[in-house]
Amino acid sequence: MVEHSSLDTMFLSKYCPHSSSSSSSSSSSSTSSSDREKRLLRALRGSLAKKYPQKSGEVLSAQYGINLLLVGVALMLALAYRGPSASEETVLSFLTALMLVQLIWMVCYMVRRERRRSVPPERDAHAATSWIRGGLTMLALLSLIMDAFRIGSFVGYQACVSIMLGVYPVVHALHTVSQVHFLWFHIKDVIKRYETCERFGVIHAVFTNLLLWSNGVMTEAEHALNDHKRRLSALGYFNFTVEPEEPTCNCTTSACSMFSSSLYYLCPFNIEYHIFVSALLFVMWKNIGRTLDHQTNQKRVPAGGSCLLIGPVLGLLALASSITVLIIYIIHVEESVEAREAAISMFYCFGIVILACMSVAGALGLLIYRVEDWPMDTTPNPARTLDAKLLLGSSVGSWLLCWCSVVAVGGAQSYPSYRWSNLAYALLLVLEKCVQNLFVIESLYRRRREPGECPAHSTTAHEIFSVTASMAPPYDGIVNHAFESPDKHQDVLESSKTDKHTYDKKTKDVSLAVGHGAQDTPSRKRQVLKNVAIFLFMCNISLWILPAFGCRPQFDNGLEEASFGFSIWSTVLNFALPMSLFYRMHSVASLFEVFRKI
């Protein structure tokens with residue numbers, strides 16, 4: 001006999017008066033379990049049959065997009081070689097055709113949605129927040145200004161340039177306006193009709209923007225490489241012949257030089273615009289045919305009431321310092337060898353200080369997460385998954401540059417003043433990105449405790465070791481009818497119901513009491529996390545500004561170029577620098593999301 005919460009259970013094994021009935025019940029239970037297995041198998045087959053067309057559509061559309069990207073990249077590589085197989089007009093014609101196809105698809109999609117206005121589509125609350133769309137709108141405005149400058153340059157040189165140099169910016173401007181409208185009103189849609197057709201349309205838009213990004217990257221890389229060749233020729237290191245970037249004929253307006261020089265200051269914004277749009281469209285492609293969980297598909301209200309002082313002040317100091325370093329570097333790198341070495345040393349010293357501060361800030365945020373033990377957010381979220389993968393993937397470019405610098409410094413034959421600062425900068429950059437990636441990804445997968453939610457480690461000692469009859473879980477009607485009389489059976493059921501009601505009530509009271517204590521997360525730790533997030537946010541803006549506008553010591557210090565050769569090192573830079581720029585801008589977006597989430 002075991003006594004537990006006034007319930008007595010007696011186990012007797014001498015005989016069973018109802019053995020025949022138990023054997024029949026056993027056979028019936030085996031039959032029912034067999035029926036359940038058959039029903040489960042039929043449901044599984046039906047689920048697989050439904051998902052097979054979806055997976056087939058995903059694979060087909062992905063293969064279409066990848067081959068589209070490879071065709072464009074092949075044309076751009078042929079153009080970079082300056083061979084007879086591809087010209088600038090060929091690449092611009094291909095990109096213009098892709099933009100026109102995307103425009104036709106977007107217009108058709110919006111018309112279909114307008115016709116079905118009475119049946120609103122499901123929308124993914126996590127797909128694209130309003131501040132991301134607002135930031136993309138600002139980048140789109142700068143891209144439109146760049147298109148206007150291109151049109152102005154074409155008007156000045158129209159006597160000796162191809163007509164495609166005028167058609168391309170017009171189509172690009174129309175494409176930008178239409179795409180921004182699509183992002184504001186349809187990017188959150190979860191498509192459930194014409195899924196296969198829409199998959200091809202969305203993936204076409206994704207890879208069209210990737211090709212526009214690639215074209216901008218190659219144009220900007222070619223401009224930076226030509227500037228580097230001019231500096232080397234002026235200093236007497238090499239004798240390069242740099243092809244003129246402007247047409248040979250005379251300009252019919254007085255603003256042609258202003259248009260041409262301004263294009264390269266606006267090009268970084270156009271590059272970031274297209275890569276971010278392709279990421280948002282990829283999330284929309286992943287959402288096609290997805291079944292949303294309406295309980296988790298809700299945007300959490302950002303928490304307020306935190307005091308922000310140290311993070312913004314230090315971030316503004318870093319931003320102002322980076323602008324100062326940029327101006328001094330651009331001025332002095334064109335001067336004598338001594339001034340050039342001083343400018344490069346200044347850049348590395350500034351980079352060491354800011355990277356060390358960022359590493360300490362990220363480590364502090366990770367330490368707070370370990371101490372505070374916020375619960376994990378495991379709800380399905382394609383946008384968050386893509387953010388984490390893009391952070392890790394885009395880090396590869398900077399890490400490649402860093403380890404190339406380490407190898408170059410270790411085997412350097414010359415001893416410039418910035419040799420060891422270059423080594424320290426490279427190692428700190430690897431450490432900073434590792435720590436920042438950990439902090440951002442962990443912040444994205446953490447969530448604040450809900451009211452009434454009990455933390456895993458918050459159970460007190462007296463709750464663990466106290467044993468009372470009223471708090472023990474009741475028996476939910478598990479009674480052996482072979483040993484109980486009807487009256488005893490009725491008494492046991494009534495006692496079980498009473499005890500279960502008492503248990504539920506007391507458990508609810510305890511959980512509310514514990515949850516009330518856990519709901520109030522220490523405000524000071526949240527303030528520290530918010531200050532860390534805003535400081536890293538502004539530091540990443542600073543580290544994006546420097547290489548985006550011409551502060552690239554990897555071109556100018558000569559150590560890596562002496563170790564790997566001019567052609568190999570130029571190829572590495574053309575691959576890694578765009579990824580590094582994208583990493584910084586993507587970190588800016590992710591850190592702002594972290595700031596709003598904390």
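**Close-up views of a predicted model**

View 1. Residues are numbered from 1 along each chain as its sequence is written, and side-chain values use heavy atoms, with hydrogens and water left out.

**View 2. The disulfide between Cys251 and Cys256.** A search of the whole structure finds 1 disulfide, a term for a pair of cysteine sulfur atoms within 2.5 Å. Cys251 is joined to Cys256 with an S to S distance of 1.6 Å, and the torsion about this S-S bond is about 50°, so the disulfide is right-handed. Cys251 is partly exposed at 25% relative accessibility, whereas Cys256 is buried at 2%. Cys197 is in no disulfide, and the nearest cysteine sulfur, that of Cys108, is 8.4 Å away.

**View 3. Cys267.** With a relative accessible area of 4%, Cys267 is buried.

**View 4. Confidence across the protein.** The mean pLDDT (the predictor's confidence in each residue, from 0 to 100) is 79, and 74% of the residues reach 70 or more. Over residues 458–489 the pLDDT is below 50, although this stretch has 34 contacts beyond near neighbours in sequence, a contact meaning heavy atoms within 4.5 Å. Where pLDDT is low, the predicted coordinates should not be read in detail.

Key
This is a predicted model: local features need pLDDT of at least 70, side-chain atom pairs count only at pLDDT 80 or more; totals for chains, interfaces and linings use all residues. Buried means under 20% relative accessible area, exposed over 50%, partly exposed in between (1.4 Å probe, protein chains only).
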